[in-house]
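Q: I am new to this structure and want to learn how to read it. Where do we begin?

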Amino acid sequence: MVIILCANPFPHSSQGFYATNNPFQTSGPKGRIESKMIGNNRIFMRIDLPGVEQGNVTVTIDDSKRGVLIKAEEQSRNKNVSSLRSYETHVTLGYHCSEISTIDNPQVTDGVLRLFISTTHLNIYGVPCSADEDIHGRLVLDEPDDPNMAYEYGTLPDGSAYLRLDMPGVPKDDFTTDVVDKGSVKVTGHAPAVSHDSSGRSYSADAGMLCDPGVRISYLDDELERYAENGVMRLIIRDPSSLIP
């Protein structure tokens, strides 16, 4: 019998997600991307790339000078991770009166990329754009949010149960895992505000439910391995016999 550990896709509300991009977020700014104007011609941008660390991301201005292309590769030092993710994300200016001149100081911490975009004001058909035509600081993510990307579950070759939970922005020492009633694992984390973030974000997941409702989990705390890195928590239950039909 193959047993798969599942994350609850609606851990907080029967009405749906608090944030459409991550089913575990409980507070803070919603969405993979946040942007704001810093001064007259500079935009701050935050974008979630869970699993990615500094040195594994490239950011370039596209040919139109109105968009930014972000490519990144997930990294993991956990030997049990056999499949790593690649990201290719395109972000465009949400207004037509400017073009991008430079990208400054891209930094990745705990699976979150932050950078500054400098813009140049344009004349349209020889007429300067009016300031009220601009939606200052707005950036548009050219792809829909997919909450199913925030978790992965399955079994390892030795039969152990495996679960990945994305909580971008949470430092590795700020995750908490508690084994609660019937072996369910509650995972929480807080991502502090960094740089020009509007605020921090909090996450909570009940990660101990099984796909098969006829199966319950019974295991000791020391049979649960926890591994946090780059805004991602991975859980492994090592003892297959601890999964009892």
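A: Begin with a definition. A salt bridge is a side-chain nitrogen of Lys or Arg within 4 Å of a carboxyl oxygen of Asp or Glu. Keep in mind that this is a predicted model.

Q: How many salt bridges does the structure hold?

A: The general idea comes first. Side chains of opposite charge can pair when their charged atoms come close. This structure holds 11 salt bridges.

Q: Which residue forms a salt bridge with R85?

A: The partner is E74. The closest N and O atoms of the two are 3.0 Å apart. Both R85 and E74 lie in the loop between β6 and β7, so the pair ties together parts that are 11 residues apart in sequence.

Q: Is R85 buried or exposed?

A: Buried means under 20% relative accessible area. R85 has 13% relative accessibility, so R85 counts as buried. E74 is buried too, with a relative accessible area of 3%.

Q: With which residue does R234 form a salt bridge?

A: Again it is E74. Here the closest N and O atoms are 2.8 Å apart. R234 lies in strand β21 (residues 232-237) and E74 in the loop between β6 and β7, so this pair ties together parts that are 160 residues apart in sequence. R234 and E74 are both buried.

Q: Which residues are linked with E74 in a network of salt bridges?

A: The network links E74 with R85, E152, R164, D166, E229 and R234.

Q: What does R114 meet in a salt bridge?

A: The side chain of R114 meets that of D197, at 2.7 Å from N to O. R114 lies in strand β9 (residues 112-121), and D197 in the loop between β16 and β17 (201-206), so the pair ties together parts that are 83 residues apart in sequence. Both R114 and D197 are buried.

Q: Now cavities. How many of 30 Å³ or more does the structure hold?

A: Rolling a probe the size of a water molecule over the atoms shows where empty space is left. In this structure, one cavity of 30 Å³ or more turns up. About 50 Å³ of space lies in the largest cavity.

Q: Which residues line the largest cavity?

A: R114 and D197 are both in the lining. Sorted by class, the lining has four charged, three nonpolar and three polar residues.

Q: On to sheets. In what order do β3, β4, β8 and β9 stand?

A: Strands of a sheet pair through backbone hydrogen bonds, either parallel or antiparallel. These four strands form an open sheet, ordered β3-β4-β9-β8, with antiparallel pairing. At its edges are β3 (33-37) and β8 (98-109), each pairing on one side only. From one strand to the next, the twist averages 20°.

Q: How many bridges join β3 to β4?

A: Five bridges join β3 to β4 (residues 42-48), and the two run antiparallel. One place to look is K36, whose bridge partner in β4 is F44.

Q: How many residues lie between β8 and β9 in their hairpin?

A: Two residues lie between them. In the turn, D110 has a positive phi of about 50°. β8 and β9 pair over nine bridges, in the antiparallel sense. Look at T102, which stands opposite S118 in β9.

Q: In what order do the strands of the sheet with β2 and β15 stand?

A: This open sheet of four strands has the order β2-β17-β16-β15, and the pairing is antiparallel. β2 (25-27) and β15 (175-179) stand at the edges with a single partner strand each, so one side of each is left without a neighbour in the sheet. Neighbouring strands here are turned by 20° against each other on average, direction ignored.

Q: Which residue of β16 is the bridge partner of D178?

A: The partner is K186. β15 and β16 (residues 185-191) run antiparallel and are joined by five bridges.

Q: What does β7 pair with?

A: Seven bridges join β6 (residues 67-73) to β7 (residues 86-93), and these two run antiparallel. In this pairing, I70 stands opposite T89 in β7. β7 also pairs with β12 (residues 139-141), over three bridges in the antiparallel sense. There, T92 has V140 as its bridge partner.

How values were computed: Residues are numbered from 1 along each chain as its sequence is written. This is a predicted model: local features need pLDDT of at least 70, side-chain atom pairs count only at pLDDT 80 or more; totals for chains, interfaces and linings use all residues. Side-chain values use heavy atoms; hydrogens and water are left out. Two strands pair if DSSP finds at least two bridges between them. Axes are lines fitted to C-alpha atoms, for helices over the stretch in contact, and angles run from 0 to 180 degrees between N-to-C directions. On a 1 Å grid over the protein atoms alone, a cavity is a set of points where a 1.4 Å probe fits but cannot get out, and a pocket is an open set with protein on both sides within 12 Å along at least five of seven lines; lining residues have an atom within 4 Å of a point. Grid points are joined across faces, edges and corners, and a volume is the space filled by probe spheres set on the points. Ala, Val, Leu, Ile, Met, Phe, Trp, Tyr, Cys and Pro count as nonpolar, Asp, Glu, Lys and Arg as charged, and the others, Gly among them, as polar. Buried means under 20% relative accessible area, exposed over 50%, partly exposed in between (1.4 Å probe, protein chains only).
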